[in-house]
Amino acid sequence: MNFNIDACQMISLPKIADPRGNLTFIEGGSHIPFDILRVYYLYDVPGGAERGGHAHKGLQQLIIAMSGSFDVVLDDGREKKRVHLNRSYNGLYVCPMIWRELDNFSSGSVCMVLASSKYDEDDYYRNYADFIQARTSL
Ligand code: TYD
């Protein structure tokens, strides 16, 4: 499996446009390459705050700006990419072994994350040097 930054792509989700309001849906395994075992969201993020600052050993995620906007900075140890998310019909797929930071949250923004596994602290690299060390032995 390719765990490089180019494996982290924006996925266009289905959008049913309707004058009564638009509708988007996501089916695990068909619109995204994993089954959804967990959903979490960040909200009430104060101006200037940063989230993330870690990598995952095996977790796959889809990050969506449900409301407002924010940036995701992806880092595979070799290359970095800053992605601006501001549409609830686009999701950023993040493969395992990518260091990520989230910043530039607009006021009232909501960041929803679909995840391939339940929460497991042992799946995290929270120290950047440990992450880089692990990348070199991939
Ligand atoms: P963390 O993953 O570091 O948040 P973020 O990447 O969004 O900045 O998690 C912050 C805290 O919340 C940490 O103590 C672990 C806890 N947590 C859970 O208990 N369950 C979860 O599903 C998540 C994502 C975090």
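Met-97 is placed in the loop between strand 9 and strand 10, where strands (E, at least two residues) and helices (H or I, at least four) are DSSP runs numbered from the N terminus. The model is a predicted one, in which local features need pLDDT of at least 70 and side-chain atom pairs count only at pLDDT 80 or more, while totals for chains, interfaces and linings use all residues. Residues are numbered from 1 along each chain as its sequence is written, and side-chain values use heavy atoms, with hydrogens and water left out.

**Loop residues**

Met-97 counts as buried, at 5% relative accessibility; buried means under 20% relative accessible area, exposed over 50%, and partly exposed in between, with a 1.4 Å probe and protein chains only. Apart from residues up to four places away in sequence, Met-97 touches Phe-3, His-56, Lys-57, Tyr-125, Phe-131, Ala-134, Arg-135 and Leu-138, contact being heavy atoms within 4.5 Å. Gln-60 is 37 residues from Met-97 in sequence, with a C-alpha to C-alpha separation of 9.2 Å.

Most residues other than glycine have a negative phi. Met-97, although not a glycine, has a positive phi of about 65 degrees. Asp-44 also has a positive phi, near 55 degrees. Asp-44 belongs to the loop between strand 4 and strand 5 and is exposed, with a relative accessible area of 69%.

Ser-116 lies in the loop between strand 11 and strand 12 (124-125) and is buried at a relative accessible area of 15%. A polar atom of the Ser-116 side chain is 2.9 Å from the backbone nitrogen of Gln-60. Beyond its neighbours within four places in sequence, Ser-116 is in contact with Phe-34, Asp-35, Leu-37, Gly-58, Leu-59 and Gln-60.

**Ligand site**

The shell around the ligand consists of Arg-38, Tyr-40, Leu-42, Arg-51, Gly-52, His-54, Tyr-119, Tyr-124 and Arg-126, each with a heavy atom within 4 Å of the ligand. Strand 4 (38-42) and strand 5 (51-56) each supply at least two of the shell residues. By class, the shell holds four nonpolar, two polar and three charged residues.

| Residue | Protein atom | Distance to a ligand oxygen |
|---|---|---|
| Arg-38 | side-chain N or O | 2.5 Å |
| Arg-51 | polar side-chain atom | 2.9 Å |
| Gly-52 | backbone N or O | 2.8 Å |

Taken alone, the ligand exposes 530 Å², of which the protein buries 64%; these areas come from the Shrake-Rupley method with a 1.4 Å probe.

**Nonpolar core**

The largest nonpolar core has 36 residues, and those with the most contacts inside it are Leu-62, Ile-63, Phe-70 and Leu-74. Such a core is a set of buried Ala, Val, Leu, Ile, Met, Phe, Trp, Tyr and Cys residues joined through side-chain atoms within 4.5 Å. Elements giving two or more residues to this core include strand 6 (61-67), strand 7 (70-75) and helix 1 (128-136). Among the contacts of Phe-70, leaving aside neighbours within four places in sequence, are Ile-63, Val-83, Leu-85, Leu-102, Phe-105 and Val-110.

Notes: A polar contact is a pair of N or O atoms within 3.5 Å; within protein, one must be able to donate a hydrogen and the other to accept it, and residues adjacent in sequence count only if both atoms are side-chain atoms. Ala, Val, Leu, Ile, Met, Phe, Trp, Tyr, Cys and Pro count as nonpolar, Asp, Glu, Lys and Arg as charged, and the others, Gly among them, as polar.
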